[in-house]
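Open the structure in your viewer and keep the selection tool ready.

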Amino acid sequence: MGSSEADKPLRRIAASFEELAVVAKQQPPGPMEVVSFARACSHVSVLFGCLGFAFKFAEMDYVAKVDDLLEASKSISTLPDMVELDIQKSTVRQAGSHTRNMLRVKRGIDMVKILFEQILVTEGNSLRDAASKAYAQVFAPHHGWAIRKAVAAGMYVLPSKSQLLKKLNEDENTAKVKMQNFIRSSGPVILYVEDLFTTRNLGMDW
Ligand code: 1PW
């Protein structure tokens with residue numbers, strides 16, 4: 001193998017979200033398949049894995065939730081169906097439910113989007129400011145003191161931007177294009193998932 005596809009996680013991430021964005025942007029939005037959403041999100045795991053030991057716990061939590069969605073996709077075909085099933089069973093907010101896991105995974109995607117936006121406007125080689133802003137905006141309001149402190153400590157042992165790009169097998173310019181790509185395509189996908197909650201009055205602040 002050694003194909004460029006296998007060695008270029010950012011390309012895979014960007015390409016899979018471009019496909020999802022097509023569905024998300026349909027009017028009315030097409031029912032998005034659980035399997036394509038979960039697969040696209042599973043590509044993002046690689047990125048969490050590049051953030052070093054301090055984020056191992058975050059990676060494990062994210063991967064477990066994406067795996068749950070992949071498992072769900074074997075019996076449930078679309079995201080709206082998945083949410084409806086949890087509504088019927090009154091399990092929307094129950095720990096470990098597919099809908100709850102989807103909300104957590106959506107936040108992971110949102111955080112990566114903001115992380116990329118911040119990386120593109122931040123000078124220098126440190127990821128700390130970019131990652132701190134992304135975390136503060138997306139996850140911090142939903143995490144208790146202990147997790148927030150652990151994440152804050154993890155910010156000090158993030159890889160540098162050049163180390164991250166090297167792990168991703170990209171240089172500054174190739175990464176920039178793919179990050180912009182992901183920023184553009186993840187937006188509609190995030191909105192699509194949020195719509196699944198808001199149109200059913202499920203709330204998202206939990
Ligand atoms: C990419 C820039 C670096 C910042 C990484 C920030 C990682 C943020 C995720 C940390 C989550 C790890 C701790 C687990 C928390 C769970 O309690 C929580 N999961 C999430 C994703 O918020 C809720 O999970 P639950 O109770 O629904 O199973």
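Start with P28, which sits in the loop between α2 and α3. Helices here are DSSP runs of H or I with at least four residues, strands are runs of E with at least two, and both are numbered from the N terminus. Now select Q27 as well: a cis peptide bond joins Q27 and P28, with omega at about -10°. Most peptide bonds are trans.

Two notes before moving on. This is a predicted model, where local features need pLDDT of at least 70, side-chain atom pairs count only at pLDDT 80 or more, and totals for chains, interfaces and linings use all residues. Residues are numbered from 1 along each chain as its sequence is written, and side-chain values use heavy atoms, with hydrogens and water left out.

**The whole chain**

Zoom out and colour by secondary structure. The protein chain has ten helices and zero strands. Its C-alpha atoms fill a box of roughly 50 × 40 × 30 Å along the principal axes. The radius of gyration is 17 Å, which agrees with the value near 17 Å for a compact globule of 206 residues. That radius is taken over C-alpha atoms, and the globule rule is 2.2 Å times the number of residues to the power 0.38.

Of the 206 residues, 48% count as buried. Buried means under 20% relative accessible area, exposed means over 50%, and partly exposed is in between, with a 1.4 Å probe and protein chains only. Contact means heavy atoms within 4.5 Å. Among contacts between residues at least 6 apart in sequence, 73% join residues at least 24 apart.

**The core**

Select F17, F37, L79, M102 and F116. These have the most contacts inside the largest nonpolar core, which has 63 residues. A nonpolar core is a set of buried Ala, Val, Leu, Ile, Met, Phe, Trp, Tyr and Cys residues joined through side-chain atoms within 4.5 Å. Elements giving two or more residues to this core include α2, α6 and α10.

**The ring cluster**

Show side chains for F17, F116 and F182. Ring pairs link these three into a cluster. Rings of Phe, Tyr and Trp (its six-membered ring) pair if their centres lie within 6.5 Å; planes under 30 degrees apart count as stacked, over 60 as edge-to-face and the rest as tilted. The whole structure holds five aromatic pairs.

Take F17 and F182 now. Their pair is edge-to-face, 5.0 Å centre to centre, with 75° between the planes. F17 belongs to helix α2 (residues 9–25) and F182 to helix α10 (residues 172–198), 165 residues apart. Both F17 and F182 are buried.

Next, F116 and F182. Their ring centres are 5.5 Å apart and their planes are at 75°, so this pair is edge-to-face too. F116 lies in helix α6 (residues 98–121) and F182 in helix α10, so the pair ties together parts 66 residues apart in sequence. F116 is buried, at 1% relative accessibility.

What is in contact with F17, leaving aside neighbours within four places in sequence? Select A40, C41, V44, I109, F182, S185, S186 and V189.

E170 counts as buried, at 9% relative accessibility. Its side chain makes a polar contact of 2.7 Å with the side chain of T174. A polar contact is a pair of N or O atoms within 3.5 Å; within protein, one must be able to donate a hydrogen and the other to accept it, and residues adjacent in sequence count only if both atoms are side-chain atoms. Leaving aside neighbours within four places in sequence, E170 is in contact with residues including K8, R11 and K178.

Then select K161, in helix α9. K161 is buried, with a relative accessible area of 10%. A polar contact of 3.0 Å joins the side chains of K161 and E172.

**Out to the surface**

Most residues other than glycine have a negative phi. Select S90, in the loop between α5 and α6. S90 is not a glycine, yet has a positive phi of about 55°. Is S90 buried or exposed? S90 is exposed, with a relative accessible area of 63%.

Finish at N201, in the segment after α10. N201 has a positive phi of about 50° and is not a glycine. At 72% relative accessibility, N201 counts as exposed.
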